[in-house]
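Me: Please walk me through this model. Start with the terms, then take the fold piece by piece.

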Amino acid sequence: MSDLHHPLPVPAADQHWNLDAIVAELRQARLRWRGAHGRLRELRARELPSREALAQIVQALCGTLFPMRLGPPDLRDESEDYYVGHTLDAALNALLAQVRLELAYQARQQGRDSARAEADAVDIVRRFAAGLPGIRGLLDSDVVAAFQGDPAARSVDEVLLCYPGVVAVTHHRLAHSLYALGVPLLARMVAEIAHGETGIDIHPGARIGPGFFIDHGTGVVIGETAVIGARVRLYQAVTLGAKRFEVDAESDSGALAKGQPRHPIVEDDVVIYAGATILGRITIGRGSVIGGNVWLTRSVPLGSNVTQANLLREPLAPSPSPTTAAA
């Protein structure tokens, strides 16, 4: 992909692309869109966060979290702290610029005064930075879970450097922090960077406890209001999704209600095998095993062993009220 900040070279030959007409038509398309969405005021600069900038920020943050593994190849032990401090300072200042853009965008969308955006942006980035040691601790538990849960893993270093599930969870831990701090657009963009790279789709709103391991991972989907406990393991193509979508009672257009709890609660020490689809605000009880390709829309009690065969043979008893409260 070409670097958008460095235009492509102009070819020597004039190919007669009729550019004046195309540029004019594209401008009219933009004006129609802006008019339909109440955005006809003059735009003087880019007003939304940059996915490219966020990708660089996340790469830098990963280097500060694991400098001798994800940092620069020539890093030495004696300069490790200097690298972390220098890189973190640059990454947080770059993040501050993106947070400012989202907060200003939120203010415009909600018709609010954006005067407090600068102070709020600094506060958000400061709190995000203060949470990084805790994120490192959670990621340590995830890496250990991946190493212990996969007999093919030869070391925790291999897991950290090679496993797409660890890449996705690393992005999620950062994205979830941003989501909780009130910048959901940035959080979603960070999550989608990992989704594009790994094929694992974790909404940044999902709450996931320590020791989380996604093995193989391609095709895993975890919805916004999912709650996952400690030491949970998922395999490829698992879906923790919604069964139905409520319509917003205050909307005249039939728009879907936002933020309603609609995804599963998975309690501690659960294993969910490849291709399982678990839908709705149901509870998978602690210590349960959900077999491959199971389609599940009912709660199951703790210690359940659910397979396609036993689902067909006998109905499952409802589980008690949810007890999991993942961080």
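Reply: Helices (H or I, at least four residues) and strands (E, at least two) are DSSP runs, numbered from the N terminus. This is a predicted model, in which local features need pLDDT of at least 70 and side-chain atom pairs count only at pLDDT 80 or more, while totals for chains, interfaces and linings use all residues. Residues are numbered from 1 along each chain as its sequence is written, and side-chain values use heavy atoms, with hydrogens and water left out.

Me: In which strand does T277 lie, and is T277 buried or exposed?
Reply: T277 lies in strand β10. Buried means under 20% relative accessible area, exposed over 50%, and partly exposed in between (1.4 Å probe, protein chains only). T277 has 14% relative accessibility, so T277 counts as buried.

Me: Which residues does T277 touch, not counting residues up to four places away in sequence?
Reply: Contact means heavy atoms within 4.5 Å. Leaving out residues up to four places away in sequence, the partners of T277 are T239, V294, W295 and L296.

Me: What is the strand order of the open sheet?
Reply: Two strands pair if DSSP finds at least two bridges between them. The open sheet has five strands, with parallel pairing. Its order is β1-β4-β7-β10-β13.

Me: Which strands stand at the edges?
Reply: An edge strand has a single partner, so one side of it is left without a neighbour in the sheet. Those strands are β1 (201-202) and β13 (295-296).

Me: Which residue of β13 stands opposite I278?
Reply: Strand β10 (residues 277-279) runs parallel to β13, and two bridges join them. Opposite I278 stands L296.

Me: How do α4 and α9 lie to each other?
Reply: Axes are lines fitted to C-alpha atoms, for helices over the stretch in contact, and angles run from 0 to 180 degrees between N-to-C directions. Helix α4 (residues 80-110) and helix α9 (residues 184-198) pack at about 125°, with axes 9 Å apart. Angles under 35 degrees count as roughly parallel, over 145 as roughly antiparallel, 65 to 115 as roughly perpendicular and the rest as oblique. The two helices, α4 and α9, are therefore oblique.

Me: Which residues of α9 make the contact with α4?
Reply: On the α4 side are L95, Q98, V99, E102, Y105 and Q106. On the α9 side are P184, L185 and L186.

Me: How do α8 and α9 lie to each other?
Reply: Helix α8 (residues 164-180) packs on α9 with the axes 8 Å apart. The angle is about 175°. The pair α8 and α9 is therefore roughly antiparallel.

Me: How many nonpolar residues does the contact of α8 with α9 have?
Reply: Ala, Val, Leu, Ile, Met, Phe, Trp, Tyr, Cys and Pro count as nonpolar, Asp, Glu, Lys and Arg as charged, and the others, Gly among them, as polar. The α8 side includes V167 and H171, and the α9 side includes V190 and E197. Two residues are polar and one is charged. The nonpolar count is 12.

Me: What is the phi of A237?
Reply: A237 sits in the loop between β6 (233-234) and β7 (239-241). With a relative accessible area of 34%, A237 is partly exposed. Its phi is positive, in a residue other than glycine, and lies near 65°.

Me: What share of the residues in the protein chain is buried?
Reply: The chain has 10 helices and 14 strands. Of its 327 residues, the buried share is 41%.
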